[in-house]
Amino acid sequence: MRCEPANTIIKKFKGLKPLAEVTNVKAHTVMRWRMPKEKGGTGGVVPHWHIPAILEAAKERGLDIRPSDFAPVMETAA
């Protein structure tokens, strides 16, 4: 299971490595962003200190990524 919103942001950057280079961390670190918390990940949360660099890189690359894209996905009760 790949958790959102990190998974979508990783896809827009075309993978772990490009996003790792933008944030100056290892690809394994970025991979953990899309993993569930129970498995040692962040549950889809991109650490807030990386967001400015990601937004700037997205703008430079023409990627449609906005600040609101980093908001956690809220599950709704049925």
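Two residues are in contact here when heavy atoms of theirs come within 4.5 Å. Keep that cut-off in mind for F70, which, neighbours within four places in sequence aside, is in contact with P5, I9, V46, I51, I54, L55 and I65. Before going further, note that this is a predicted model: local features need pLDDT of at least 70, side-chain atom pairs count only at pLDDT 80 or more, and totals for chains, interfaces and linings use all residues. Residues are numbered from 1 along each chain as its sequence is written, and side-chain values use heavy atoms, with hydrogens and water left out.

Let's start with the overall layout. The chain has four helices and zero strands, where helices (H or I, at least four residues) and strands (E, at least two) are DSSP runs numbered from the N terminus. Read from the N terminus on, the order is α-α-α-α. The radius of gyration of the chain is 12 Å, close to the 12 Å that the globule rule gives for 78 residues, so the chain is as compact as a globular protein of that length. (That radius is taken over C-alpha atoms, and the globule rule is 2.2 Å times the number of residues to the power 0.38.) The C-alpha trace spans about 40 × 25 × 20 Å along its principal axes. Of the contacts with a separation of 6 or more, 53% are between residues 24 or more positions apart.

Now for the inside. Buried residues make up 33% of the 78 in the chain; buried means under 20% relative accessible area, exposed over 50%, and partly exposed in between, with a 1.4 Å probe and protein chains only. In soluble globular proteins, nonpolar side chains tend to be buried together. A nonpolar core is a set of buried Ala, Val, Leu, Ile, Met, Phe, Trp, Tyr and Cys residues joined through side-chain atoms within 4.5 Å. The largest one here has 16 residues, and I9, F13, L19, W33, V46, I54 and F70 have the most contacts inside it. Each of α1, α2, α3 and α4 supplies at least two residues of this core, with α4 giving the most, four residues.

T23 counts as buried because its relative accessibility is 8%. A polar atom of the T23 side chain lies 2.9 Å from the backbone oxygen of L19. Not counting residues up to four places away in sequence, T23 touches V30, W33, H50 and I54. Just after α2, N24 takes a positive phi of about 60°.

Finally, look for D64 in the segment after α4. D64 counts as partly exposed because its relative accessibility is 46%. Which side chain does D64 meet in a salt bridge? That of R66, at 3.1 Å, N to O. A salt bridge is a side-chain nitrogen of Lys or Arg within 4 Å of a carboxyl oxygen of Asp or Glu, and the structure holds one. Neighbours within four places in sequence aside, D64 is in contact with K12 and D69.

Definitions and conventions
Polar contact = N/O pair within 3.5 Å; in protein donor to acceptor, adjacent residues only side chain to side chain.
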